[in-house]
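Q: Could you walk me through reading this fold, one feature at a time? I'd like the general idea and then the case at hand.

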Amino acid sequence: MDPSLLRERELFKKRALSTPVVEKRSVSSESSSSSSKKKKAKLEHGGSSGSKQNSDHSNGSFNLKALSGSSGYKFGVLAKIVNYMKTRHQRGDTHPLTLEEILDETQHLDIGLKQKQWLMTEALVNNPKIEVIDGKYAFKPKYNLKDKKALLRLLDKHDQRGLGGILLEDIEEGLPNSQKAVKALGDQILFVNRPDKKKILFFNDKSCQFSVDEGKRQMKYVQAGKAVGGVNSEKTAVEE
């Protein structure tokens, strides 16, 4: 080979070796790698969040506020209020409360303005178990009884009018400390069990007592029980 060509080749090699080489990374590969990392992080976050929610449901916990915009939440609050008013009435707290007092005692002060307006203008005023007294709210039982004397008068009135007895659960709803009052009346009242196990209270009119067959006596009160739920007198008589 020509010596001049050899010298040029050697010079070219030296220049090539002395020149630094910078490697350019692919833009597309970097962007795809970055997006995949973001997707992975998002999936991991979503999975942990989902597992937490599933864990909450499996433990039986339920956040009523999560339904704050739905009708289910509104009626849930209403049901809680009515049940609370019934409970406080049964323990003797019969004085009416303002809406704010009710929400405070039922721990619902954080409900929205729309829900409050709905309770004031529709839900509570139209509920058959709630009575409005001077802008306040009280529980309204079927029979509003103050004490055992009021209960005895009511049973006597039912007996004189031939209305039969009264369901024990209706008395328990409207008479504060009803169990104590019923027990104190003793033999002044009579109990009859319906086929569905519900108890009916009757006034025991001792002035009308006379010697009679036990089966016929039971038949009398069972037939009278039809007025409060349809007691099957024929079936009861056979059982007696």
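A: Helices (H or I, at least four residues) and strands (E, at least two) are DSSP runs, numbered from the N terminus. With that, Q107 sits in the loop between helix 4 (99-105) and helix 5 (113-123). One caution: this is a predicted model, where local features need pLDDT of at least 70 and side-chain atom pairs count only at pLDDT 80 or more, while totals for chains, interfaces and linings use all residues. Residues are numbered from 1 along each chain as its sequence is written, and side-chain values use heavy atoms, with hydrogens and water left out.

Q: How many helices and strands does the chain have?
A: There are 10 helices and five strands.

Q: What is the phi of Q107?
A: Most residues other than glycine have a negative phi. Q107 has a positive one, near 60 degrees, and is not a glycine. K197, in the loop between strand 4 and strand 5, is another non-glycine residue with a positive phi, near 75 degrees.

Q: Is Q107 buried or exposed?
A: Buried means under 20% relative accessible area, exposed over 50%, and partly exposed in between (1.4 Å probe, protein chains only). Q107 comes out exposed, at 67% relative accessible area. K197 also counts as exposed, with 71% relative accessibility. Across the chain, 28% of the 240 residues count as buried.

Q: Which strands make up the open sheet, and in what order?
A: Strands of a sheet pair through backbone hydrogen bonds, either parallel or antiparallel. For the bookkeeping, two strands pair if DSSP finds at least two bridges between them. Here an open sheet of three strands has the order 3-5-4, with antiparallel pairing. Strand 3 and strand 4 each have a single partner strand and stand at the edges, so one side of each lacks a neighbour in the sheet.

Q: How many bridges join strand 4 to strand 5?
A: Strand 4 (residues 189-193) and strand 5 run antiparallel and are joined by five bridges, with I189 opposite F203. These two strands form a hairpin with five residues between them, and K197 is in the turn. On the other pairing, strand 3 (residues 166-167) meets strand 5 over two bridges, again in the antiparallel sense; L167 has I200 as its bridge partner there. Strand 5 (residues 199-203) is mostly covered, with four of its five residues buried.

Q: What packs on the sheet?
A: Helix 6 does, touching strand 3, strand 4 and strand 5, and its direction makes about 80 degrees with that of strand 5. Axes are lines fitted to C-alpha atoms, for helices over the stretch in contact, and angles run from 0 to 180 degrees between N-to-C directions. Contact means heavy atoms within 4.5 Å. The buried residues of helix 6 include L151, L154 and H158, and among the elements covering its buried residues are helix 7 and helix 8 (178-185).

Q: What span does helix 6 reach, and what is expected?
A: The expected span is 1.5 Å times one less than the number of residues. Helix 6 (residues 148-160) has 13 residues and reaches 18 Å from its first C-alpha to its last, close to the 18 Å expected. At its start, a side-chain oxygen of D147 comes within 3.2 Å of the backbone nitrogen of K149. Just after helix 6, G162 takes a positive phi of about 70 degrees.

Q: Where does M85 lie, and what is it in contact with?
A: M85 is in helix 3 (residues 71-90) and is buried, at 1% relative accessible area. Beyond neighbours within four places in sequence, its contacts include L97, I130 and F139. M85 and F139 are 54 residues apart in sequence but 5.5 Å apart in space, C-alpha to C-alpha. For the whole chain, 56% of contacts between residues at least 6 apart in sequence join residues at least 24 apart.

Q: And D170: buried or exposed?
A: D170 is buried, with a relative accessible area of 12%. This residue belongs to helix 7 (residues 168-174) and, leaving aside neighbours within four places in sequence, is in contact with K142 and Y143.

Definitions and conventions: A polar contact is a pair of N or O atoms within 3.5 Å; within protein, one must be able to donate a hydrogen and the other to accept it, and residues adjacent in sequence count only if both atoms are side-chain atoms.
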